[in-house]
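Subject: Structure handover and notes

Hello,

Here is the structure I promised to pass on. My notes follow below it.

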Amino acid sequence: MNTVVINNHIEITPGICGGKPRIAGHRIKVQNIVLWYERMGMSPDEIVYHYPSIGLADVHAALAYYYDHIEEIRKDIEDDEVFARETKAKTPSLVQQKLQKSHG
């Protein structure tokens, strides 16, 4: 069952994108839009240019959702970054694996 959050632009569906809020009908999460906008400095128009399957209203809806749920989205972003760092720390790169084999 989909829960439409902002005028058919944002939805949350258990089992899709980890149940995180996303652009309706897409696998682009609100947190992705936030990262592109805030951290990468992309304008809403640039985001749509790079992801033409979504519209400008979708990007603005995602940002509106973010500002209404800022703590939740920031926590999701931080949790994903922690997970990525931990996974990277546990998994040696292919270069490191090859170096270990050639010196071992």
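Does Thr13 count as buried or exposed? Thr13 counts as buried, because its relative accessibility is 7% and the cut-off for buried is under 20%. Keep in mind that this is a predicted model.

**The loop between strand 2 and strand 3**

Thr13 sits in the loop that runs between strand 2 (10-12) and strand 3 (22-23). Its side chain makes a polar contact of 2.9 Å with the side chain of Arg22.

Cys17 belongs to the loop between strand 2 and strand 3 as well. Its phi is near 55°. That is a positive value in a residue other than glycine. For background, most residues other than glycine have a negative phi. Cys17 has a relative accessible area of 15%, so it is buried.

**Helix 1: what is buried, and under what**

Which residues of helix 1 are buried? They are Val30, Gln31, Ile33, Val34 and Trp36. The cover over the buried residues of helix 1 includes strand 2, strand 3, helix 2, helix 3 and helix 4.

Three of these residues deserve a look in turn.

- Val30: leaving aside neighbours within four places in sequence, Val30 is in contact with Ile10, Pro21, Arg22, Ala62, Tyr65, Tyr66 and Ile73.
- Gln31: this residue of helix 1 is buried, because its relative accessible area is 4%. Not counting residues up to four places away in sequence, Gln31 touches Lys20, Ile73, Asp76, Ile77 and Asp80.
- Ile33: also found in helix 1, Ile33 has a relative accessible area of 0%, so it is buried. Not counting residues up to four places away in sequence, Ile33 touches Ile23, Ile28, Ile47, Ile54, Val59, Ala62 and Leu63. Ile33 and Ile47 are 14 residues apart along the chain, and their C-alpha atoms are separated by 7.7 Å.

**The end of helix 1**

Is Gly41 buried or exposed? Gly41 is exposed, because its relative accessible area is 54%. Not counting residues up to four places away in sequence, Gly41 touches Trp36 and Glu46.

**Helix packing**

Now the three helix pairs.

Helix 1 with helix 3: the axes come within 9 Å and cross at roughly 95°. Helix 1 is therefore roughly perpendicular to helix 3. Helix 1 brings Val30, Ile33, Val34, Tyr37 and Glu38 to this contact, and helix 3 brings Val59, Ala62, Leu63, Tyr65, Tyr66 and Tyr67. By class, the contact of helix 1 with helix 3 has 10 nonpolar residues, no polar ones and 1 charged.

Helix 1 with helix 4: helix 4 covers residues 70-90, and the pair packs at an angle of about 90° with axes 10 Å apart. Helix 1 and helix 4 are therefore roughly perpendicular to each other. On the helix 1 side, the contact is made by Val30, Gln31, Val34, Leu35 and Arg39. On the helix 4 side, it is made by Ile73, Asp76, Ile77, Asp80 and Glu81. The residues of this contact divide into 5 nonpolar, 1 polar and 4 charged.

Helix 3 with helix 4: here the axes come within 5 Å and cross at roughly 100°. Helix 3 and helix 4 are therefore roughly perpendicular to each other. Tyr65, Tyr66, Tyr67 and Asp68 of helix 3 meet Ile70, Glu72, Ile73 and Arg74 of helix 4. The residues of this contact divide into 5 nonpolar, no polar and 3 charged.

**The nonpolar core**

Which residues touch the most other members of the largest nonpolar core? Of its 18 residues, they are Ile10, Ile23, Val30, Ile33, Ile47, Ile54 and Ile73. Helix 1, helix 3 (56-68) and helix 4 each supply at least two residues of this core. Helix 3 gives the most, with 6 residues.

Val30 is in contact with Ile10 and Ile73, among others. Ile33 touches residues including Ile23, Ile47 and Ile54.

Best wishes

Methods
Residues are numbered from 1 along each chain as its sequence is written. This is a predicted model: local features need pLDDT of at least 70, side-chain atom pairs count only at pLDDT 80 or more; totals for chains, interfaces and linings use all residues. Side-chain values use heavy atoms; hydrogens and water are left out. Helices (H or I, at least four residues) and strands (E, at least two) are DSSP runs, numbered from the N terminus. Buried means under 20% relative accessible area, exposed over 50%, partly exposed in between (1.4 Å probe, protein chains only). A polar contact is a pair of N or O atoms within 3.5 Å; within protein, one must be able to donate a hydrogen and the other to accept it, and residues adjacent in sequence count only if both atoms are side-chain atoms. Contact means heavy atoms within 4.5 Å. Axes are lines fitted to C-alpha atoms, for helices over the stretch in contact, and angles run from 0 to 180 degrees between N-to-C directions. Angles under 35 degrees count as roughly parallel, over 145 as roughly antiparallel, 65 to 115 as roughly perpendicular and the rest as oblique. Ala, Val, Leu, Ile, Met, Phe, Trp, Tyr, Cys and Pro count as nonpolar, Asp, Glu, Lys and Arg as charged, and the others, Gly among them, as polar. A nonpolar core is a set of buried Ala, Val, Leu, Ile, Met, Phe, Trp, Tyr and Cys residues joined through side-chain atoms within 4.5 Å.
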